[in-house]
Amino acid sequence: MHSLPANNQHSSLTTALTTCFRREMIVAFRHKGELANPLIFFLMVVVFIPLGISPEKTVLMALAPGMIWVIALLATLLSLDGLFRSDFDDGSLEQMLLSPQPLPWLVLTKILAHWLMTGIPLMLLTPLLGTMLYLPAEGYLPLMISLLIGTGSMSLIGSIGAALTVGLRKGGLILSLVVMPLYVPVLIFGASAVNEAVQGFAYTGQIAILSAMFVSALVLAPFAVAGALRISVNT
Amino acid sequence: MASWQWFHRLGSPKWFYEKTTRWTQVIGWLALAMLSVGIIWGLGFAPAELKQGNSYRIIYIHVPAAAVAMAGYYVMAFSGAVGLIWRMKLSYMVMKCAAPIGAALTFAALFTGAVWGKPTWGDYWVWDARITSMLILFFLYLGVMALQEAYQNQEAADKTCAILSLVGMVNIPIIYKSVDWWFTLHQPATLKLTEKSSIAPEMAYPLILMIFAVYMFFAWLLLTKVRVEILHREVKTQWVKDIVMGVK
């Protein structure tokens, strides 16, 4: 019996993570409306730009890279409140905390699911938005690459905010206030990758820095989230 | 072992309150003296600047406020970390009290910058790297304060704020670097604040004095606020009741 646990624990961690991931996916697909909401928001705000500023091609072309990034950021912010909310309400978060599996790993699985369900669809929707805002052809690839990596960082950083505010009855607005300043570096490098590409310069540097931010967030954020969740659930 | 006793005693709000009664007064008078000397020296006796005339004198408020605003965030985050690691109630109180003071100083730096910017640059607001970084620092402070306010439960407020300020502390260098980088990319560096090395010594001495004075002022404000916070949180204990009723 005593020789087993090491191996057993390892396999049970894998089982736990796959179970957790599958559960996230099932829950997400059973609430299709919640999946679609950030995307609809993304589309609607894009309509406001020509209406509010100018429908002229030259104006929209110049605004497109930054605007799409800003709206993607806001759409991600909107989706964050639901990250731990329902699990907190129905007690499954407590079960996660009580389970023998390391919490940062479980948290990472949830964040991965969140990214797959919000970041990736947002990224896939951008060519449509790019067309609507006359984004020059060279901008599409860097926009999608930078959003792919950038939404990953945003899910990771945002999950810290979500974990800190999950214990609050009305955490939504506070969550945005807390997370927005932390998104500044991602926005700067994401939008500038697209701008550089549109102006015909190399954008690999920005993508490299975005990736570095993503990797640092990947390593550090789960621990902060785990700590924050323990506090939110225990008090 | 004995050398660590002071550290454990720090965990006791009562001990801290009693010990700081004297310190607070000393630091308060010192801050007042340094601020008066610095302000009179800077505003009255330092020479006028060649191009900006007398309008540059706002530097004696602007630079010290900005310097201490930054340091205030580290004080806040560091106390938060001490609270999380050693579960010291007192350090959470320091964290909570540092936030509004830091935010006020950041606001003071932004406001004096705007007032100074109008005669010098022609605009109240310029999207300069340092100004933008200060604004983001202001938002970071506001985020911590909003979180602190949002929780009814003091323990939850303390711990979540500690985590948030630590996350912010990790991010501050990244935010500063990226804003710097953004600025050099987007705008030509035509507007430059007076560089430290190029400032005349007659102008620099009162400035240095003012920086120390504002640090002192920060320390005094922080101590005073923490003492009030201690009384507020320990209101059910006998020693606080004694103080409030005037027994001691």
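Predicted model: local features only at pLDDT ≥ 70, side-chain atom pairs only at ≥ 80, totals over all residues.
Residues are numbered from 1 along each chain as its sequence is written, and chains are lettered from A, with ligands numbered from 1, in the order in which they are written.

**A helix pair in chain A**

Helices here are DSSP runs (H or I, at least four residues), numbered from the N terminus. Helix α3 (residues 57–80) of chain A packs against helix α9 (residues 184–198) of chain A. The angle is about 150°, and the axes are 9 Å apart. Axes are lines fitted to C-alpha atoms over the stretch in contact, and angles run from 0 to 180 degrees between N-to-C directions. α3(A) and α9(A) are therefore roughly antiparallel to each other (angles over 145 degrees count as such). The crossing of α3(A) past α9(A) is right-handed (the near helix is turned clockwise from the far one by less than a right angle).

Which residues of α3(A) meet α9(A)? They are Pro65(A), Gly66(A), Trp69(A), Val70(A) and Leu73(A). On the α9(A) side, the partners include Val186(A), Leu187(A), Gly190(A) and Ala191(A). Contact means heavy atoms within 4.5 Å. By class, the contact of α3(A) with α9(A) has nine nonpolar, three polar and no charged residues. Ala, Val, Leu, Ile, Met, Phe, Trp, Tyr, Cys and Pro count as nonpolar, Asp, Glu, Lys and Arg as charged, and the others, Gly among them, as polar.

**Aromatic rings**

Rings of Phe, Tyr and Trp (its six-membered ring) pair if their centres lie within 6.5 Å. By this rule there are nine aromatic pairs over all chains. Two of them are edge-to-face (planes over 60 degrees apart), as the table shows.

| Pair | Centre to centre | Between the planes |
|---|---|---|
| Tyr56(B) and Tyr60(B) | 6.0 Å | 65° |
| Trp125(B) and Trp127(B) | 5.5 Å | 80° |

Tyr56(B) and Tyr60(B) are both buried (buried means under 20% relative accessible area, exposed over 50%, partly exposed in between, with a 1.4 Å probe and protein chains only). Trp125(B) counts as partly exposed, because its relative accessibility is 31%. Trp127(B) is also partly exposed, at 45%. Elsewhere in chain B, Phe107(B), Phe111(B), Phe138(B) and Phe139(B) form one aromatic cluster.

**Single residues**

Ser133(B) sits in helix α5 (residues 129–150) of chain B. Is Ser133(B) buried or exposed? Ser133(B) is buried, since its relative accessible area is 4%. Not counting residues up to four places away in sequence, Ser133(B) touches Tyr176(B) and Val179(B).

Tyr134(A) is not a glycine, yet has a positive phi of about 55°. Tyr134(A) lies in the loop between α6 (103–132) and α7 (140–165) of chain A. Its relative accessible area is 36%, so Tyr134(A) is partly exposed.

Arg87(B) also has a positive phi, near 50°. The loop between α3 (59–86) and α4 (89–121) of chain B holds Arg87(B). Arg87(B) is exposed, with a relative accessible area of 65%. Leaving aside neighbours within four places in sequence, Arg87(B) is in contact with Val82(B) and Lys159(B). Arg87(B) and Lys159(B) are 72 residues apart in sequence and 9.6 Å apart in space, C-alpha to C-alpha.

Notes:
Heavy atoms only, no water. Helix = DSSP H or I, 4+ residues; strand = E, 2+ residues; numbered from the N terminus. Parallel < 35°, antiparallel > 145°, perpendicular 65-115°, else oblique. Phe/Tyr/Trp six-rings, centres within 6.5 Å; stacked < 30°, edge-to-face > 60°.
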